[in-house]
Amino acid sequence: MSESKEWKKIAKSKEKRPKVQEYKNWKELPPIPISLPIEGSMGITGDWRTFQPVILEGCNKCGICWMYCPEGVIKRKEDGSFEIDMVYCKGCGICAKECPTQKIKMIRESESKDE
Ligand code: SF4
Ligand code: SF4
């Protein structure tokens with residue numbers, strides 16, 4: 001039997017369908033390849049950002065923000081804490097939205113200490 005016919009057969013049989021894989025946390029995820037951010041035609045992302053995320057004290061190092069960041073700009077440091085690469089962060093706020101302890105605050109660029 002061809003491979004596609006075999007798959008169709010499995011899909012029709014409820015019992016044989018693959019079970020949904022559940023993960024307790026990001027540490028159980030298998031490694032996946034991601035591309036690193038680079039300068040685009042509009043320049044470096046951090047140059048046109050309106051809001052920026054700030055990791056507050058009390059972060060429990062769970063890694064949820066790292067897992068959700070669509071740009072791959074949250075990095076895990078040797079001590080297990082996380083830092084955000086502001087050169088390429090686009091300020092979308094997904095990390096702040098997903099942080100289970102609300103330890104990421106979005107601030108205006110003008111409020112940033114670097115300004
Ligand atoms: S604001 Fe968006 S791009 Fe920046 S670190 Fe958070 S999730 Fe990533
Ligand atoms: S999601 Fe929140 S608590 Fe978890 S590592 Fe990121 S900032 Fe820390």
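Helices (H or I, at least four residues) and strands (E, at least two) are here DSSP runs, numbered from the N terminus. The model is predicted: local features need pLDDT of at least 70, side-chain atom pairs count only at pLDDT 80 or more, and totals for chains, interfaces and linings use all residues. Residues are numbered from 1 along each chain as its sequence is written, while chains are lettered from A and ligands numbered from 1 in the order in which they are written.

Begin with Q102, in the loop that runs between α3 (94–98) and β4 (104–108). Although Q102 is not a glycine, its phi is positive, at about 55 degrees. Most residues other than glycine have a negative phi. A residue is called exposed if 12 or fewer other C-beta atoms, placed from the backbone, lie within 10 Å of its own; Q102 is exposed because it has 10 such neighbours inside 10 Å.

Next, select K61, which belongs to the loop between β1 (51–55) and α2 (64–68). The phi of K61 is also positive, near 60 degrees. With 11 other C-beta atoms within 10 Å, K61 is exposed.

Turn now to ligand 1. Around it stand 13 residues (C-beta atom, placed from the backbone, within 6 Å), the closest being C69, C89, C92, I94 and C95. This shell comprises nine nonpolar residues (Ala, Val, Leu, Ile, Met, Phe, Trp, Tyr, Cys and Pro), two charged (Asp, Glu, Lys and Arg) and two polar (the others, Gly among them).

Finish at ligand 2, which 13 residues surround. C59, C62, I64, C65 and C99 are the closest of them. By class, the shell of ligand 2 holds eight nonpolar, three polar and two charged residues.

How values were computed:
A residue is buried if 20 or more other C-beta atoms lie within 10 Å of its own, exposed if 12 or fewer, and partly exposed in between; C-beta atoms are placed from the backbone.
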